[in-house]
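The exercises below are to be worked with the sequence and the coordinates open. Each task is followed by a solution in steps.

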Amino acid sequence: MKFTLLKMLGLLSLVIILLAGGFYFYGKFKKSADMSSTKTVSQTPAAQPSPFATSSWAPTNNLDFPVSQFKQRITKKPFGKYITPQNSPVQPERFSGYHTGADVEYDDMTSDVRVYAISDGKIVLSRTADGYGGVFMLEIQLNGTAHTILYGHIRPSSLPKVGQMYKKDEQIAVLGTGNSAETDGERRHLHFAVMGDNRLDIKGYVQTQSALSGWLDPLSLYN
Ligand SMILES: [Zn+2]
């Protein structure tokens, strides 16, 4: 009797040890299986190229328009158009060459037309110049690179000060009155140009297509 009881206790403890060992190894196996499956899942999206990494639309889409009805009113001289006194939609025409900006037309407006900062930035040029009347440039950051944004045909008395900072959407100035000294005799419109770097180049036209490479199509920022 005593012998059988000891034998039974011995068998029972053997079973317990085997079961415990079994659970221990099962747990270990399950954990490593979970870890490897987690690893696989987390690696999959990282291995695929992000649609945002190579695209430029996401950050540039945050820009404000420089004037109201910006796109609708680019009706005469878009960016890059080759203008001659003969083919120009503006008559009489005194300029010729590839247009470095986009002209936004407001000749039908009798009230002041406000221009706004398209992004946070700093005024890096502000003066009067032949062909423009008032002109200023706002330096902004686009995709980590400095860009200078030119606003031409501005009322000189509304020009900002060089060094002044503006927040996106903030009003900076107003357009000059058409056919007056404020616009150097031009119709009321905004000549709006974007340089892909921080050069202070105010040329409205260039004579070769390759010379146009420093400028970007302003509309391309809003796609
Ligand atoms: Zn222009």
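**Exercise 1. An aromatic pair**

Is Tyr 205 buried or exposed, and what is its relative accessible area? Then describe its ring partner and the geometry of the pair.

Solution. 
Step 1. The model is predicted. In this model Tyr 205 has a relative accessible area of 14%. The cut-off for buried is under 20%, so Tyr 205 is buried.

Step 2. The rule for aromatic pairs gives a count of eight. One of them joins Phe 95 and Tyr 205, with 5.1 Å from centre to centre and 20° between the planes. Planes under 30 degrees apart count as stacked, and the pair of Phe 95 and Tyr 205 is stacked.

Step 3. Phe 95 sits in the loop between strand 1 and strand 2, while Tyr 205 belongs to strand 11 (residues 205-206), so the pair ties together parts that are 110 residues apart in sequence.

Step 4. Phe 95 has 21% relative accessibility and therefore counts as partly exposed.

Step 5. Ring pairs also build a cluster, made up of Phe 65, Phe 70, Phe 136, Tyr 151, Phe 192 and Tyr 222.

**Exercise 2. The chain as a whole**

How many helices and strands does the chain have, and in what order do they run? Give the share of buried residues as well.

Solution. 
Step 1. The chain has two helices and 12 strands.

Step 2. Read from the N terminus, the order is α-α-β-β-β-β-β-β-β-β-β-β-β-β.

Step 3. The chain has 223 residues, of which 39% are buried. Its accessible surface is about 13100 Å², and carbon and sulfur atoms account for 60% of that.

Step 4. Take the contacts between residues at least 6 apart in sequence: 65% of them join residues at least 24 apart.

**Exercise 3. The zinc site**

Which protein atoms are donors of the zinc ion, and what spacing do the donors follow along the chain?

Solution. 
Step 1. The protein donors are His 99 through NE2, Asp 103 through OD and His 191 through ND1, at 2.0 to 2.1 Å from the zinc ion.

Step 2. Along the chain, these donors have the spacing H-x3-D-x87-H.

Step 3. Asp 103 lies in strand 3 (residues 102-105) and His 191 in strand 10 (residues 189-195); the two are 88 residues apart, and the pair links distant parts of the chain.

Step 4. Asp 103 and His 191 are both buried.

**Exercise 4. Salt bridges**

How many salt bridges does the rule count? Work through the pairs of Glu 186, Asp 197 and Asp 201, and state the accessibility of the partners.

Solution. 
Step 1. The count is 12 salt bridges.

Step 2. Glu 186 pairs with Arg 187, with 3.1 Å between the closest N and O atoms. Both of these residues are buried.

Step 3. Asp 197 and Arg 199 form a salt bridge at 3.2 Å, N to O. Asp 197 is partly exposed at 27% relative accessibility, and Arg 199 is partly exposed at 40%.

Step 4. Asp 201 and Lys 203 form a salt bridge in which the closest N and O atoms are 3.1 Å apart. Asp 201 counts as buried at 15% relative accessibility, whereas Lys 203 is partly exposed at 43%.

**Exercise 5. Two loop residues**

Where are Ser 158 and Gln 86 found? Describe the surroundings of Ser 158 and the accessibility of Gln 86.

Solution. 
Step 1. Ser 158 is in the loop between strand 7 (145-154) and strand 8 (165-166).

Step 2. The side chain of Ser 158 reaches the backbone oxygen of Arg 155 at 2.8 Å. A polar atom of that side chain also lies 3.2 Å from the backbone nitrogen of Val 174.

Step 3. Leaving aside residues up to four places away in sequence, Ser 158 touches Ile 172, Ala 173 and Val 174.

Step 4. Gln 86 is in the loop between strand 1 (82-83) and strand 2 (97-99). Its relative accessible area is 69%, so Gln 86 is exposed.

Step 5. From C-alpha to C-alpha, Gln 86 and Ser 96 are 9.4 Å apart in space, at a separation of 10 residues in sequence.

Note on methods: Residues numbered from 1 in each chain as written. Predicted model: local features only at pLDDT ≥ 70, side-chain atom pairs only at ≥ 80, totals over all residues. Heavy atoms only, no water. Helix = DSSP H or I, 4+ residues; strand = E, 2+ residues; numbered from the N terminus. Buried < 20%, exposed > 50% of the residue type's maximum accessible area, 1.4 Å probe, protein only. Contact = heavy atoms within 4.5 Å. Areas by Shrake-Rupley, 256 points an atom, 1.4 Å probe, with all protein chains shown as cover. Donors = N, O, S within 2.8 Å, 3.2 Å for Na, K, Ca; no water. Polar contact = N/O pair within 3.5 Å; in protein donor to acceptor, adjacent residues only side chain to side chain. Phe/Tyr/Trp six-rings, centres within 6.5 Å; stacked < 30°, edge-to-face > 60°. Salt bridge = Lys/Arg side-chain N within 4 Å of Asp/Glu carboxyl O.
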